[in-house]
Amino acid sequence: MAVNESVDILNSAYLAVEYIDSFLPDNPLQQPFKNAWNYMLDNYTKFQIATWGSLIVHELSYFLLCLPGFIFQFIPYMQKYKIQQDKPETWEKQWKCLKTLLFNHFCIQLPLICGTYYFTEYFNIPYDWERMPRWYMLLAQCFGCAVIEDAWHYFLHRLLHHKRIYKYIHKVHHEFVSPFGMQAEYAHPLETLILGTGFFIGIIVFCNHMILLWAWVICRLMETIDVHSGYDIPLNPLHLVPFYAGARFHDFHHMNFIGNYASTFTWWDRSFGTDYQYVSYQEKEKNQGLLTEKKSN
């Protein structure tokens with residue numbers, strides 16, 4: 001009964017969104033995107049699209065999303081939004097990070113990306129424009145992927161903090177107490193495989209078109225680079241996502257090493273009480289701010 005009710009609610013929500021979408025003006029970018037997509041299908045093989053296309057999407061998305069945070073360090077005005085203001089980025093740390101990143105991207109992640117084509121063939125995942133899901137379905141699927149990845153990340157990340165194995169694997173990621181965007185995928189190769197598995201589970205569950213693979217890559221990178229950025233920027237659109245953790249939440253994890261284990265949402269840490277030190281820290285910061293305000297008045 002409960003399952004049928006849930007299905008009815010989802011169907012009603014889908015019909016409501018579809019009805020609203022019918023009143024929205026045509027997207028001016030849809031036709032150019034359609035032309036580009038069909039051009040890609042006409043000129044490249046599925047293997048080339050799934051392998052080299054996925055690599056290009058990942059690399060371009062990663063470094064373009066890292067660019068704003070990289071530029072912020074040179075803008076004095078933006079320093080008021082830096083969370084750990086006493087720990088600025090250094091060229092030495094960023095260069096070390098970049099070298100490890102390139103190794104992970106091309107020696108660990110690229111071989112995994114090479115399996116994308118075989119995944120789409122095995123599960124008969126379509127590439128054609130006609131079967132591409134609508135934008136709201138794509139967003140819903142990405143959100144579903146994020147929920148699954150977040151659960152995987154919370155429990156496996158927490159396990160990697162166990163005192164018996166922390167120094168062998170996860171300690172590498174914690175070399176930077178004050179994180180910056182490019183550090184999002186700075187990790188031990190084993191960690192890349194262990195925590196990265198969560199990315200693929202959602203794809204196995206939801207993937208019904210090649211576009212979801214790329215959309216989910218972009219969404220996941222957007223989230224992880226944001227929470228590692230080291231900057232809490234006002235009017236960040238990601239804060240509109242329900243229960244989104246954000247940069248302050250994860251920055252505290254790097255500063256404190258304990259608690260705030262989830263990647264995207266706050267509900268797992270709240271449910272298991274692993275955010276209690278963060279909540280106490282926030283209360284302390286709030287009280288100090290009020291005290292400073294009283295003294296200034």
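This is a predicted model: local features need pLDDT of at least 70, side-chain atom pairs count only at pLDDT 80 or more; totals for chains, interfaces and linings use all residues.
Student: How many charged residues are in the lining of the second largest cavity?

Tutor: Happy to walk through the list with you! Lys87, Pro88, Glu89, Lys93, Ser178 and Phe180 line the second largest cavity. Two of these residues are nonpolar and one is polar, which leaves the charged ones, and their number is three.

Student: And how many charged residues does the lining of the largest cavity have?

Tutor: Look at the classes one by one. That lining has four nonpolar and five polar residues, and its charged residues number one.

Student: How do α3 and α8 lie relative to each other, roughly parallel or roughly antiparallel?

Tutor: Their axes come within 10 Å and cross at roughly 25°. Angles under 35 degrees count as roughly parallel. Therefore α3 and α8 are roughly parallel.

Student: How many nonpolar residues are in the contact of α3 with α8?

Tutor: On the α3 side, the contact residues include Ile49, Val57, Tyr62 and Leu65, and on the α8 side they include Trp214, Val217, Leu221 and Ile225. The contact has no charged residues and four polar ones. The nonpolar residues number 13.

Student: Is the crossing of α3 past α8 left-handed or right-handed?

Tutor: The sense of the crossing is a separate matter from the angle of roughly 25° between the axes. As α3 passes α8, the crossing is right-handed.

Student: Why are α6 and α7 roughly antiparallel to each other?

Tutor: Helix α6 covers residues 135–160, and its axis comes within 8 Å of the axis of α7. Angles over 145 degrees count as roughly antiparallel. The two helices are therefore roughly antiparallel, with axes that cross at roughly 150°.

Student: How many charged residues are in the contact of α6 with α7?

Tutor: This contact is made by residues of α6, among them Cys145, Ile148, Trp152 and Leu156, and residues of α7, among them Ile194, Gly198, Phe199 and Ile203. By class, 12 of the contact residues are nonpolar and seven are polar. The charged ones number two.

Student: Which word describes how α4 and α7 lie relative to each other?

Tutor: Helix α4 spans residues 91–113 and helix α7 spans residues 189–206, with axes 10 Å apart. They pack at an angle of about 40°. Angles under 35 degrees would count as roughly parallel and 65 to 115 as roughly perpendicular, so the word for α4 and α7 is oblique.

Student: Which residues of α7 meet α4?

Tutor: From α4 come Phe103, Asn104, Ile108, Gln109 and Leu112. The contact as a whole has five nonpolar, three polar and no charged residues. The α7 residues are Pro189, Thr192 and Leu193.

Student: What is phi of phenylalanine 243 near?

Tutor: Most residues other than glycine have a negative phi. Phenylalanine 243, in the loop between α8 and α9, has a positive value although it is a residue other than glycine. Its phi is near 65°.

Student: Where is phenylalanine 257?

Tutor: Phenylalanine 257 is another residue with a positive phi, about 70°, although it is not a glycine. Its place is in the loop between α9 and α10.

Conventions
Residues are numbered from 1 along each chain as its sequence is written. Side-chain values use heavy atoms; hydrogens and water are left out. Axes are lines fitted to C-alpha atoms, for helices over the stretch in contact, and angles run from 0 to 180 degrees between N-to-C directions. Helices (H or I, at least four residues) and strands (E, at least two) are DSSP runs, numbered from the N terminus. Contact means heavy atoms within 4.5 Å. Ala, Val, Leu, Ile, Met, Phe, Trp, Tyr, Cys and Pro count as nonpolar, Asp, Glu, Lys and Arg as charged, and the others, Gly among them, as polar. On a 1 Å grid over the protein atoms alone, a cavity is a set of points where a 1.4 Å probe fits but cannot get out, and a pocket is an open set with protein on both sides within 12 Å along at least five of seven lines; lining residues have an atom within 4 Å of a point. A crossing is left-handed if the near helix is turned anticlockwise from the far one by less than a right angle, and right-handed if clockwise.
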